[in-house]
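Please open the structure in a viewer and keep the sequence at hand.

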Amino acid sequence: EPIITINGEPVPIQIVKGFATIERTWSPDDIVALTLPMPVKFNKAVDKVDADRNRIAITKGPLVYCAEGVDNNGPVQRFYLKTLPTDADINSSVIFDGVMKNIVTLSIPAMVSEMDKTNQQRVELIPYYSWNNRGDSSMIVWFPEEKVKS
């Protein structure tokens, strides 16, 4: 449910033909803030796309997220999502400095397969639009649901 505040106070809204309407006498210094819920979603690829069959992409609002090797200690193709994380498993944070300043990141649990061992580990995600800004690194958007056979 969207939340609208005017001058810091929540106001009731009515939806009319898809538009949020607010009836009031406006002042030139009124400040309107709109907060839209943007839950993290796990999107299964359509089976018609062979390269992405049995793979999951992560989105938050209009943004597609990806994992980059620079944040995950090496190649990200070793991660897979055997089970989908719950809301409680998802951490969100903001980068406060550097070239990625103000970018919202996500951290989710995933399975990782390395040298014939499989463990659960957190995978760090950034918006797809922001990848490859910190040097060359591996990147993945579509996570497999099962361990990829080498």
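**Salt bridges**

The structure, which is a predicted model, holds 6 salt bridges. Side chains of opposite charge can pair when their charged atoms come close.

Select D71 and R134 to begin. Their side chains meet in a salt bridge, with 2.8 Å from N to O. This pair links distant parts of the chain, 63 residues apart: D71 is in the loop between β8 (63-68) and β9 (79-80), and R134 is in the loop between β12 (117-127) and β13 (139-140).

Next, select D50 and R53, whose side chains form a salt bridge of 2.7 Å, N to O. D50 counts as exposed because its relative accessibility is 57%, a value over the 50% cut-off. R53, at 38%, is partly exposed.

**From a salt bridge to a ring**

The side chains of R24 and D30 meet in a salt bridge of 3.4 Å, N to O. Is D30 buried or exposed? D30 is buried, because its relative accessibility is 17% and the limit for buried is under 20%. R24, by contrast, is partly exposed at 36%. R24 also lies over the face of W26, 5.1 Å from the ring centre.

**An aromatic pair**

The structure holds 1 aromatic pair. Select Y128 and W131, which form this pair: it is tilted, with 6.3 Å centre to centre and 35 degrees between the planes. Both residues are partly exposed, Y128 at 39% relative accessible area and W131 at 28%.

Select T5, which lies in strand β1 (residues 3-6). T5 is buried, with a relative accessible area of 19%. Which residues does T5 touch, not counting those up to four places away in sequence? They are P10, I31, V32 and A33.

Move to I13, in the loop between β2 (9-10) and β3 (14-16). I13 is partly exposed, at 24% relative accessible area. Leaving aside residues up to four places away in sequence, I13 touches P2, I4, A20, T21 and I22. The C-alpha atoms of I13 and E23 are separated by 8.5 Å, and these residues are 10 residues apart along the chain.

**A surface patch**

Finally, select L34, L36 and M38, which make a nonpolar surface patch of about 300 Å². L34 is in strand β5 (residues 32-35) and is exposed, at 53% relative accessible area.

Note on methods
Residues are numbered from 1 along each chain as its sequence is written. This is a predicted model: local features need pLDDT of at least 70, side-chain atom pairs count only at pLDDT 80 or more; totals for chains, interfaces and linings use all residues. Side-chain values use heavy atoms; hydrogens and water are left out. Patches are made of residues with over 30% relative accessible area and no salt bridge: like charges are joined within 9 Å, nonpolar side chains (Val, Leu, Ile, Met, Phe, Trp, Tyr) within 5 Å. Accessible areas come from the Shrake-Rupley method with a 1.4 Å probe; for residues, only the protein chains shown count as cover. A salt bridge is a side-chain nitrogen of Lys or Arg within 4 Å of a carboxyl oxygen of Asp or Glu. Helices (H or I, at least four residues) and strands (E, at least two) are DSSP runs, numbered from the N terminus. Buried means under 20% relative accessible area, exposed over 50%, partly exposed in between (1.4 Å probe, protein chains only). Contact means heavy atoms within 4.5 Å. Rings of Phe, Tyr and Trp (its six-membered ring) pair if their centres lie within 6.5 Å; planes under 30 degrees apart count as stacked, over 60 as edge-to-face and the rest as tilted. A charge sits over a ring if NZ of Lys or CZ of Arg is within 6 Å of the ring centre and within 35 degrees of the ring normal.
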